[in-house]
Amino acid sequence: MEMSKKSLAATLFVLFLVFCDVSLARMVKKTEHRKYGYIVHVSKSQMPSSFNHHSVWYESILKSISNSTEILYTYNNAIHGFFTRLTAEEARLLKSQIGVLMVFPDKQYKLHTTRTPHFLGLDKIQGIFLETNGKEGSDVIVGLLDTGVWPESKSFDDTGFGPIPRTWKGKCETGTNFSTSNCNKKLIGARFYIKGQESFMGRLDETMDLLSPLRGSISPRDDDGHGTHTASTATGSPVQNASLFGYANGTARGMAPSARVAMYKVCWNESCVVSDILAAIDQAIIDNVNILSISLGGPQFEYYEDPVAIGAFSAMEHGILVSCSAGNAGPEPASATNIAPWMITVGAGTLDRDFPAYVRIGNGQNYSGVSLYNGNPLPEHPFPFIYAGNVSKDKSPKFRSEYCLKDSLAAEKVKGKIVLCDRGQSSRVEKGNTVKSVGGLGMVLANTDLEGEELVADAHILPATLVGSKEGNAIKQYLFSNPKSTGTIVFQGTKLGIEPSPVVASFSSRGPNSITPKILKPDLIAPGVNILAAYSRNASPTDLDSDDRRVDFNIISGTSMSCPHVSGLATLIKSAHPDWSPAMIRSALMTTSYITYKNGQPLLDSANKKPATPFDYGAGHVDPVPALNPGLVYDLTVDNYLSFLCALNYTADNIEVVTRRKYKCDPNKQYSVTDLNYPSFIVVFKKPAGRNGPTNVKHMRTLTNVGSAGTYKVSVKLDIPNVKVSVEPGVLSFKGGNEKKSYTITFSATFPTSRMKPQDGYGFGRLEWSNGKHVVGSPIAVSLE
């Protein structure tokens, strides 16, 4: 009997192993045959003469390795190549085909998610620069890659606009709740791209089922609000009495309110897929936009692996300026994205406007915060006040009640009380939803050390405010020391004239440049905190599914908001100087930016309240009035960028992926990144091998006169006394417009450098050329390794 049981057990064990082996084999086989999206870069010049068109050749290449797949996008401008779905084995085989340069898996990127014109001084511009038919920028077309557009918004009213520019080659695509009549002489184009997104997430669900991973309108219509917000920030028509629940009330207008706008919807449910992004850039080039505004991004990659950088190179070559958000990963060093030198990388700063809502605790102390809550305020008398970390529903580690995560709070301990929640782990407004769902009366949201003292206002669904890290710690000390702690929240509406302003936003991504340390990124900062602009009525102001409120304007923050500010300002410059290259426009914006307040004190970083550096703000905070007439500019051509890629030691295939051309670096030429005619200087000193003594680093630059004749003198400031700087020549005289003059700046350091090395490894300074009227400034960063 005992042997029979053992025999049965052994038999069952063997059958179990066989079942597992068969199941695993099926899983492996299923995985092997699963198809994924791939972007295929092709050397167009290698097309055999037997093919009469490259698209036929692409089909032939694909059919040589698979009869069960098809080309979903063919790229003609942003890159040379196509997008398709392949198994891992098919992708491996495709790489070996003649003419195929690279095969990259598709990737998902994310969005980098009133008072501004006055703050930037745009009210002073009227009459300063060129106007076309009475409309500033009326023939300049701004294309945006984003979540779509809400065409009914008054920000896209075309009253007073003339005919659509003859240069425009685009169209208004139709789809769900979107027809050609939704476009007009302001919103002149709208397209959507979803093939890449559906290859990632499956078919889109238009029923808006909350359980669907991909939902929305299969059309250019904006179901999110982000695209409408960025488009109206860049180019929105003036709208009087615009506000969010009465906050920031006034006339809302874009930076270039008379420019035309074209929307390319590439983002769905906050996800933006690379294959769709490239298809949109490809089409925008054909459509003949003048400016591309891209408020999204992904990880840092080498330029030949960065789809936005690759697409932007082609756009630049077609005369299109590409403006991109730097990302919201600050204050972490080297966190900036979209850092190729042929596009503008924009960080974020604050405005001189705030929405105060202070916390009054039981001992009479007040702590300042911000809020956009618009419901019934709390009564003036105090309420029980508790810390979320002390009212956990479950003691297990998966419930972090201090962050007020969903289902983490005990209702019996929260009902009828104000709750202090720590910031992090979930969205700020979602925490309020958690507190409200268990009967909480209000919420105080406290920054952690990571967010510091930066305050971002939200349209909370219950009485709530956000306080800084120091205020939050002080409030916690009171809560921990008083078992019967009480408090309330007092809302104070909109306040103007906040000082100091601007300060660098804590979330704004920072330098140094993680791919090319000798090129400064970000390039500059612009307003990106608490920005009022148009919004979609298919989305709530908090983006919470449980929030049924709908608004025409919303206040949100991010480098997504600062990017379209610069896109719009670049539009004004393009209107005033239609023959300027993208590099000239960027130079004008950078060299006229400011780095001090009116009292001469340096701009501050909200992350630590200390003076900011070029790694935080680039060349400084954008200043549009002098940018329209900068005096001198640093220009760049495609050939300059090709030499730059050679200086990076890129292979011929790498260069062809980026530039869509065969280009051979001259083996007899010494290429240097420091020779790129960029409006900033990064100096990296490395100790000479085996010896001490002086080391020199030279940068060559060329300035183009875009003003009247005049003489410019140079001045240099650097905060490392032991590094010497010389400029030759120190005086540049220009006799007329478009005249070019070159100079060399030499930095000298003597090793060993231990006594002069800055604490964080970098020192900073500034070079300025001035003729008494114009000041052409460039930031300097010096590294002593």
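Begin by selecting I39, H41, F104, P105, K107, V274, L278, E305, D306, P307 and I310, which together line the second largest cavity. A cavity here is a set of points, on a 1 Å grid over the protein atoms alone, where a 1.4 Å probe fits but cannot get out, and lining residues have an atom within 4 Å of a point. The model you are viewing is predicted, so local features need pLDDT of at least 70 and side-chain atom pairs count only at pLDDT 80 or more, while totals for chains, interfaces and linings use all residues. Residues are numbered from 1 along each chain as its sequence is written, and side-chain values use heavy atoms, with hydrogens and water left out.

The space in this second largest cavity is about 70 Å³, where a volume is the space filled by probe spheres set on grid points that are joined across faces, edges and corners. At least two lining residues come from each of β1 (36-42), β4 (100-105), α7 (274-287) and α8 (307-317). Helices (H or I, at least four residues) and strands (E, at least two) are DSSP runs, numbered from the N terminus.

Next, follow the chain past α7 to N288, found in the loop between α7 and β13 (291-294). N288 is not a glycine, yet its phi is positive, at about 80°. With 33% relative accessibility, N288 counts as partly exposed, a class that lies between buried (under 20% relative accessible area) and exposed (over 50%), using a 1.4 Å probe and protein chains only. Then select Q425, in the loop between β22 (418-422) and α10 (428-437), where phi is again positive, near 75°; Q425 counts as exposed because its relative accessibility is 59%. Most residues other than glycine have a negative phi, and most peptide bonds are trans.

The bond from K521 to P522 is cis, with omega near 0°, and P522 sits in the loop between β27 (503-504) and β28 (524-527). Another cis bond joins E728 and P729, with omega about -5°, and P729 belongs to the loop between β37 (724-728) and β38 (731-734).

Which helix is largely enclosed by the rest of the structure? Select α12, residues 559-576, whose end C-alpha atoms are 26 Å apart, in agreement with the 26 Å that its 18 residues should span at 1.5 Å a residue; the expected span is 1.5 Å times one less than the number of residues. Since 18 of the 18 residues of α12 are buried, this helix is largely enclosed by the rest of the structure. In α11 (residues 469-481), the buried residues are S469, G472, I475, K476, Y478 and L479.

Finish at S783, in strand β41 (residues 775-784), which counts as buried at 5% relative accessibility. Leaving aside residues up to four places away in sequence, S783 touches V683, V684, F685, G761 and Y762, contact meaning heavy atoms within 4.5 Å. Zooming out, the protein has 17 helices and 41 strands, and 59% of its 785 residues count as buried.

Terms used
1 Å grid on protein atoms, 1.4 Å probe; cavity = no way out; pocket = protein on both sides within 12 Å on 5 of 7 lines; lining within 4 Å.
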